[in-house]
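Please look over the model below before reading on. The paragraphs that follow begin with one residue and its surroundings, then turn to the chain as a whole.

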Amino acid sequence: MQELNRLLKDRFNEIWINGRFVASINRFNYWLMLYSVDSKYVELVYDKSCGKIVWLSFAEEADLEKYLEGIEISLPVAG
């Protein structure tokens, strides 16, 4: 279990340093957070009840769809 915790911490540190936050979703007792890292998307799942990241994985296309509703794109108005 300590090895798993160390691996999660190492991967999270890489995401924290090199990643760009894209969006988050509040689902029940979890925060789902999407980051962009090196042209890939990574999804983190944070369990609010224990205050820890419990899942970290590369996001597939189906994972990205749930974030679309919360992403706003605004373009400057020419004039």
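Leaving aside its neighbours within four places in sequence, which residues is Glu43 in contact with? Counting heavy atoms within 4.5 Å as contact, Glu43 touches Leu32, Met33, Trp55, Leu56, Ser57, Ala59, Asp63, Lys66 and Tyr67. This is a predicted model, in which local features need pLDDT of at least 70, side-chain atom pairs count only at pLDDT 80 or more, and totals for chains, interfaces and linings use all residues. Residues are numbered from 1 along each chain as its sequence is written, and side-chain values use heavy atoms, with hydrogens and water left out.

Glu43 belongs to strand 3, residues 40-47. Its relative accessibility is 5%, so Glu43 counts as buried (buried means under 20% relative accessible area, exposed over 50%, and partly exposed in between, with a 1.4 Å probe and protein chains only). The side chains of Glu43 and Tyr67 are joined by a polar contact of 2.7 Å; the term covers a pair of N or O atoms within 3.5 Å, where within protein one must be able to donate a hydrogen and the other to accept it, and residues adjacent in sequence count only if both atoms are side-chain atoms.

The chain as a whole has two helices and four strands, in the order α-β-β-β-β-α from the N terminus. Both kinds of element are DSSP runs numbered from the N terminus: helices are H or I with at least four residues, strands E with at least two. Of the 79 residues in the chain, 24% are buried. Among contacts with a separation of 6 or more, 24% are between residues 24 or more positions apart.

Next, the aromatic rings. Rings of Phe, Tyr and Trp (its six-membered ring) pair if their centres lie within 6.5 Å; planes under 30 degrees apart count as stacked, over 60 as edge-to-face and the rest as tilted. The count by this rule is one aromatic pair. Phe21 and Tyr35 form it edge-to-face, at 5.5 Å centre to centre and 75° between the planes. Because Phe21 lies in strand 1 (residues 20-27) and Tyr35 in strand 2 (residues 30-37), the pair ties together parts 14 residues apart in sequence. Phe21 is partly exposed, with a relative accessible area of 48%, whereas Tyr35 is buried at 8%.

Lastly, Val54 is in strand 4, residues 52-58, and its relative accessibility of 39% makes it partly exposed.
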